[in-house]
Amino acid sequence: MNILIYETYEKMSQAAAAIIAAQVLAKPDSILGLATGSTPFGTYTGLVKLYKEGILDFKRVKTFNLDEYVGIDKSDDQSYHFFMMENLFSKININARNINIPNGLANDLEKECAAYEKKIDAAGGIDLQLLGIGNNGHIGFNEPDVHFPAATHIVELSESTIEANARFFPDSGKVPRSAITMGTGAIMKSRRILLLASGGQKADVVKELVYGEVRPQLPASILRFHNDVTIIIDSEAGAGLHGKVI
Ligand code: F6R
């Protein structure tokens, strides 16, 4: 694992945007795996800036988002569709046909999961997967479990995730109870992985991810078996690590 610790959220976001930018510059038809949540916000701002400055071109880029809530419409401002449109897609020249986000309103959710996974494979697999990490160690919405769920699936969100995500909703009763998520199998098949974490509330889980045992109770720990993972964190999230702050 390549671990980069930056003093501030702004710097870590710039570094993450630089890695994604380098991927797109080296392979203009890159397949990017994308995440939502508060952590990648600065990274997306950085990518938009590089696009506006004429340095990046997303015309041939394809994207696959990790997850989406079940039961909320794309136009709902809490949906991950809405987040991605608002923070990235509406601000760059990506082709709408190249954007993929699971459909949490599909009539047959099981079928939607299988089709999503197939589509990733048919596109050639993900070149670079961006990830955040939940306080409980989840990646995508692969929650702590007794096994690593490999396939794209429907997941009942854990109480700790519902609680963490309640900050985006008027009240915790409004947080959807389930979501579609890419499984750890699809994530591990990505050729490169970039995981971001920011803030002191992530310090314990980051420490466990780096030094703890690989176990399904900490889904992110499976990344230790991947051969191309970069972790970018700020100094607060890296408080439990021995590495030096850049
Ligand atoms: C979002 C996702 C989640 C988040 C994680 C961290 O698409 O897959 O795993 O990355 O919950 O969320 P934040 O960044 O809000 O702390």
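## A walk through the fold

Of the 246 residues in this protein chain, 55% count as buried, where buried means under 20% relative accessible area, exposed means over 50% and partly exposed is anything in between (1.4 Å probe, protein chains only). Keep in mind that this is a predicted model: local features need pLDDT of at least 70 and side-chain atom pairs count only at pLDDT 80 or more, while totals for chains, interfaces and linings use all residues. Residues are numbered from 1 along each chain as its sequence is written, and side-chain values use heavy atoms, with hydrogens and water left out.

Let's start with the overall build. The protein chain has 7 helices and 10 strands; these are DSSP runs numbered from the N terminus, with helices being H or I of at least four residues and strands E of at least two. The radius of gyration is 17 Å, close to the 18 Å that the globule rule gives for 246 residues, so the chain is as compact as a globular protein of that length. That radius is taken over C-alpha atoms, and the rule is 2.2 Å times the number of residues to the power 0.38. Along its principal axes, the C-alpha trace spans about 50 × 45 × 35 Å. Among contacts with a separation of 6 or more, 80% come from residues 24 or more positions apart, a contact being heavy atoms within 4.5 Å.

Now for the rings. A search of the whole structure turns up 7 aromatic pairs. Rings of Phe, Tyr and Trp (its six-membered ring) pair if their centres lie within 6.5 Å, with planes under 30 degrees apart called stacked, over 60 edge-to-face and the rest tilted. One of the pairs is Tyr-44 with Phe-83, edge-to-face at 6.4 Å centre to centre and 65 degrees between the planes. Tyr-44 sits in helix α2 (residues 41-52) and Phe-83 in helix α3 (residues 80-87), so this pair ties together parts that are 39 residues apart in sequence. Tyr-44 is buried at 0% relative accessible area, and Phe-83 counts as buried at 18%.

Tyr-69 and Phe-141 make a tilted pair, 6.0 Å centre to centre with 35 degrees between the planes. Since Tyr-69 belongs to strand β4 (residues 67-69) and Phe-141 to the loop between β6 (128-131) and β7 (153-156), the pair ties together parts 72 residues apart in sequence. Tyr-69 counts as buried at 1% relative accessibility, as does Phe-141 at 3%. Ring pairs also link Tyr-69, Tyr-80, Phe-141 and Phe-169 into a cluster.

Pro-144 lies in the loop between β6 and β7 and is partly exposed, at 35% relative accessible area. Leaving aside residues up to four places away in sequence, Pro-144 touches Asn-136, Pro-216, Gln-217 and Pro-219.

Lys-49, in helix α2, is exposed with a relative accessible area of 52%. Glu-213, in the loop between α7 (203-211) and β10 (229-234), counts as exposed at 59%.
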